[in-house]
Amino acid sequence: MRDLHLPFFKYHSITNARTESNTNMHLINAQDLQNLRLEEHIDQIPPYVILSHTWGDQEVSFQEMAVPARDRPESTQQKAGYLKIMTTCRLAQQRTPPIHHVWIDTCCIDKTSSAHLTENINSMYEFYTRAEMCVVYLVDLPPHVSFRDGLKDCKWISRGWTLQEMIAASRIEFFSAGPDGSPSDWKYRGTKSQFCNELAQCTGVPRDVLNGRRPVASYSIAQRMSWASRRKTTRPEDIAYCLLGIFGVNMPLIYGEREVGAFRRLQENIIKKSNDMTIFAWEPVPSGSESRNSFCSIFAPSPANFQNSSMIGPWAKYSHDPEYTLTNKGLRMEEPLYYVPEEGYSNRRSLKREYVLALGVPFTDPHELPSAASSAACGSSSKPKMACVGVYLRKIGPDLFMREARPLKELSAKQRAGLAQTPDAPFYVLTDDDSLRYRGRGSRDLAETLGQFREKGLRFLGHVSQVNIVPQGLWDSVDRCFLPTRLTVVRGLIARIRLTPVSAISNALTRTDGTHVGGYRYKTVEMGVLMNWCADGYTIRLFDTSEHENLRKCIFSFRHHKETKEGMRWRELEEQYPEIKTLDNKLRVHVSDNNGGHVVVEDHVGVAGDKGGSVFIITASAVREQVEGFYQDGQTVEMYRFALNTREETPGGSLLTEQDGMDLLCKVIF
């Protein structure tokens, strides 16, 4: 089918075009070549030959073929398409035993009936599967050029509809134009089995699929999509409709929805019957508008986005059997996400704190399948033995993510072993760019969108590794922040925070007697954070867990609440734990230098930021690191000078004042 474009009025459901028999089929009766006629067959379908070809300008329509042969006008019989029909019928009659019926897409489908059109396109894969023989006519293969040399340049290789025809038909014979170039004089070239290797090389379809040794369904969705990634169709919607049989789905035809709409509906229908996560293993097509700071839907806009996905296999079902559903909020999943833990990040600066959703198994030969053992080893095991392929996600709201418009990420087994995983809790991935632009006030810039979603959020700066967080859905492990929400529940966090002597901003400590002390070390403490959001802003309390064991247990007890809405309110918390009233939003910790504690210097933990925007829990030593980083990069030298001017001389050395340090970080970084 090439130009079957009609509005959709009625949809005849066929639950599985790959397995169920179609009960209504129009065939050409070819017993008398001078009296070719269309016949409708219901329930009992006789043996038939089917034609696979590329459409030309003079094809015969269903209405023209329905005219009795004696009344058929000469203008119809002189068309190149009619000569193609005659030749196909003659080849069917020449077989032993003769086959008396032929199906050709140009004249056996009534394109004026949307119901007939939809039913036939949804059943076309089955038509080619059930045919006794498929005749392929390569109109642009010169007679003097060999099949092996000329196949790659044939239009038939690059068309969308011929992909499923080549795969579905088990017996194919190839023909090209004869020496005189007449549409009625065809030259026999060979069979599908004879040229299986050449077909696999030109099309990317594995040999085992072409020769029928492996079912199409045994290959991942990403692999099957890659077979169509370089194919073209006349109508943009047909690039999706021509793949219905390959994925065993049925759906109505809606010409006018364009390629993106049709392909989106195809993917939605696929995930209704398959949980193969490689359907999301595609890459954005490079363009000037897409960069690392952009986002995209979790669904691909076109099969062309799967060009680099031919070597991504599925998980083994017995080791990893994910479940995900499409909702009006986005794609709901319950999969763990990989990310670099804070302690790993501090030790391996080459790794970035990023969320990666693992989708499938990489392998080396697109014509082979990964073994079941390797697929199993790539599942969500606590000790992964194999690599995996995934996509980058960013958290933009409570349990809400978006996909970054970046290439696929391959994680080696060693990398996976060093990554942390989020809890197996439900989360959502946005499926619609428009929805994201609406939430992000129309911006396509990732940094700007993330900033908008983090307004009135609570962010941690410095060396922090979380121990316990509630509610988990509001926490972003990548940006180390609590995301804002309208729910007025208490949020709690217990974290280990690395503190260093702030006086090290001058890279030296000074004893009270004025002598120089070289070097410094850090101290790690466990800190608790309790926070509540209301219309007026945040209420935040910091405490040292070693001094407030009851509050520590309180945060851990929050985990027993199954839903965020069931969390404790601030007033209830104060009634149950009156000691909260003695706390404030600052914490001071003593840190000794490397010389046995003769000199005691301090690091400060506090809250910075105004009530109308983001709030930060930071350490003064983090201020030093950020300012030095700016200076070393040659940026904002005046800010560095400002930082030096905010130092306050104390008996213990040079310290940034707490409040000035907090304000400085907000001004320099944010």
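In this predicted model, the structure holds 15 aromatic pairs. In one of them, the ring centres of tryptophan 103 and tyrosine 128 lie 6.2 Å apart and the ring planes stand at 80 degrees, so the pair is edge-to-face, the angle being over 60. This pair links distant parts of the chain, with tryptophan 103 in strand 4 and tyrosine 128 in helix 4, which spans residues 114–130, the two being 25 residues apart. Tryptophan 103 is buried, because its relative accessible area of 0% is under 20%, and tyrosine 128, at 1% relative accessibility, counts as buried as well.

Phenylalanine 175 and tryptophan 186 form an aromatic pair that is tilted, with 6.1 Å from centre to centre and 45 degrees between the planes. Here too distant parts of the chain are linked, since phenylalanine 175 belongs to strand 6 and tryptophan 186 to strand 7 (residues 186–191), 11 residues apart. Both phenylalanine 175 and tryptophan 186 are buried, and together with Tyr137 and Tyr188 they form one aromatic cluster.

Aromatic rings also meet charged side chains. Arginine 403 lies over the face of tryptophan 282, at 4.3 Å from the ring centre, while the charged end of arginine 406 sits over the ring of tyrosine 392, 3.6 Å from the centre of that ring.

The largest nonpolar core has 126 residues, and those with the most contacts inside it are Ile28, Trp103, Ile167, Leu243 and Leu266. Apart from this core lies another, of 16 residues, among them Trp475, Leu493, Ala495 and Val529.

Helix 8, which comprises residues 196–203, has Cys196, Glu198, Leu199, Ala200 and Thr203 as buried residues. What covers these buried residues includes helix 5 (147–150), helix 6 (155–158) and helix 7 (161–168), as well as strand 6 (172–177), helix 9 (207–210) and helix 10 (221–227). Just after helix 8, glycine 204 takes a positive phi of about 80 degrees.

Most residues other than glycine have a negative phi, and most peptide bonds are trans. Against this background, aspartate 43 has a positive phi of about 70 degrees although it is not a glycine. Aspartate 43 lies in the loop between strand 2 (37–42) and strand 3 (49–52), and aspartate 43 is classed as exposed because its relative accessible area is 51%, where exposed means over 50%. Aspartate 399, likewise not a glycine, has a positive phi of about 55 degrees and lies in the loop between strand 14 (388–397) and strand 15 (400–404). With a relative accessible area of 26%, aspartate 399 is partly exposed. A cis peptide bond, with omega of about -10 degrees, joins threonine 96 and proline 97, and proline 97 has its place in the loop between helix 3 (80–93) and strand 4 (101–103).

Glutamate 334 is found in the loop between strand 11 (330–333) and strand 12 (338–339) and, at 37% relative accessibility, counts as partly exposed. Leaving aside neighbours within four places in sequence, glutamate 334 is in contact with Glu323, Asp424, Ala425 and Pro426. The C-alpha atoms of glutamate 334 and proline 423, which are 89 residues apart along the chain, are separated by 8.8 Å.

How values were computed
Residues numbered from 1 in each chain as written. Heavy atoms only, no water. Buried < 20%, exposed > 50% of the residue type's maximum accessible area, 1.4 Å probe, protein only. Helix = DSSP H or I, 4+ residues; strand = E, 2+ residues; numbered from the N terminus. Contact = heavy atoms within 4.5 Å. Core = buried A, V, L, I, M, F, W, Y, C linked by side-chain atoms within 4.5 Å. Phe/Tyr/Trp six-rings, centres within 6.5 Å; stacked < 30°, edge-to-face > 60°. Lys NZ or Arg CZ within 6 Å of the ring centre and 35° of its normal.
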